Amino acid sequence: MKKKIEILIEKIKNAKTIAISGHKNPDGDSLCSALALMKIIELNFKKKPVVIHDGNIPKELDNVPLRKEVISHNHIPEDSKYDLYILVDYGTKKNLGAIIKFVENSDFVIEIDHHYNDELMGILCFDNTEKAATSQIIYDIVRDAKFQTNQEIINLLTLAIITDTGNFKFVRHSDVLKDAAQLVDAGANMTYLVNLLNNKSKKTVLVESKTVSNAEFFMKGRLAVATINHDDYKKLDGRGELVMQLLGQIHGVEYVALLKEQKENQIGISLRSRKIPINKIAESFGGGGHLCAAGAVVSDSLQNVHDKIINAFKGM
Ligand SMILES: [Mn+2]
């Protein structure tokens, strides 16, 4: 770690231009880790990296500190070249979207990530799949390198943890709680930060609640299936996580399938399970994911996918 940090510091010092990106359609960890790192570099090296994104940033994240500093790839000249490109929380190459051209054009790539990936983009990698959020790895670097922080950085690192652990519901290792505890000691206010995320648009919440109300139940109530047609999908903003959470709270429900008509003949499938692995089902639809949270995107009609999903669960 010490040697890697020395290289990181040297690369930042020598770079005239630095860009930072997370994955396409950034989530809380991706966005907040990128912004935290931007501010860390600004504060400690007196340089201003540019944070570039592709896709949609959910409205929920509108009040995140420094949110306005993020620039869409559309506003960056196609042939832009950076001395240093830092990728955070990106997952795999194909998750970068339109950013990829800038990364491939840059002189040196550093990656900081907690996703499993067998095709690394970085030359210098700070990867750790044991971490609950990428911001934890950034926080490790901050502490090891004794970088200065400020309130914005502390809040951003904490928000990344809050969002990636679903408000600490998905914590599997104690180290994320230890990091959160240190961040609280450093000035993070949990109540303030959790409330800052209560920022969805009314139409999104109304579609989410309508989708929950219209859900169907199969297999004696063990499987809940919710569908969102294209008109409602446009109002969704995000992945419909709340729909799956609410349905998953119902007594007896073990599996939740959310089917979203992203466009005509393109259905996004999100699957959740309490205990039994459902990634095999996602794989049978050409997708993948974790044991209890997986998904796929298929070219078919909403009705067909609906019927096929129910059959797939019944045949499990
Ligand atoms: Mn993450």
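Helices here are DSSP runs of H or I with at least four residues, strands are runs of E with at least two, and both are numbered from the N terminus. You are looking at a predicted model, in which local features need pLDDT of at least 70, side-chain atom pairs count only at pLDDT 80 or more, and totals for chains, interfaces and linings use all residues. Residues are numbered from 1 along each chain as its sequence is written.

Is Asn-304 buried or exposed? Asn-304 is exposed, because 12 other C-beta atoms lie within 10 Å.

Next, colour the two domains. Domain 1 spans 2–196 and domain 2 spans 202–314; such bounds come from an automatic or database domain assignment. Over C-alpha atoms, the domain centres are 29 Å apart.

Now for the sheet. Six strands form an open sheet with parallel pairing, in the order β3-β2-β1-β4-β5-β6. Two strands count as paired if DSSP finds at least two bridges between them. Which strands stand at the edges? They are β3 (70–72) and β6 (124–127); each has a single partner strand, so one side of each lacks a neighbour in the sheet. Zoom in on β2 (residues 50–53), which pairs with β3 in the parallel sense over three bridges. There, Val-51 stands opposite Val-70 in β3.

Show α4 as well: this helix packs on the sheet and touches β4, β5 and β6, and its direction makes about 115° with that of β5. Angles run from 0 to 180 degrees between N-to-C directions, and axes are lines fitted to C-alpha atoms, for helices over the stretch in contact.

Last stop: select α4 (residues 134–145) together with α5 (residues 151–164). The two helices pack at an angle of about 145°, with axes 8 Å apart. Where they meet, Thr-134, Ser-135, Gln-136, Ile-138 and Tyr-139 of α4 face Leu-157, Ala-160 and Ile-161 of α5; residues are in contact if their C-beta atoms, placed from the backbone, lie within 7 Å.

Technical notes
Contact = placed C-beta atoms within 7 Å. Buried ≥ 20, exposed ≤ 12 C-beta atoms within 10 Å, placed from the backbone.
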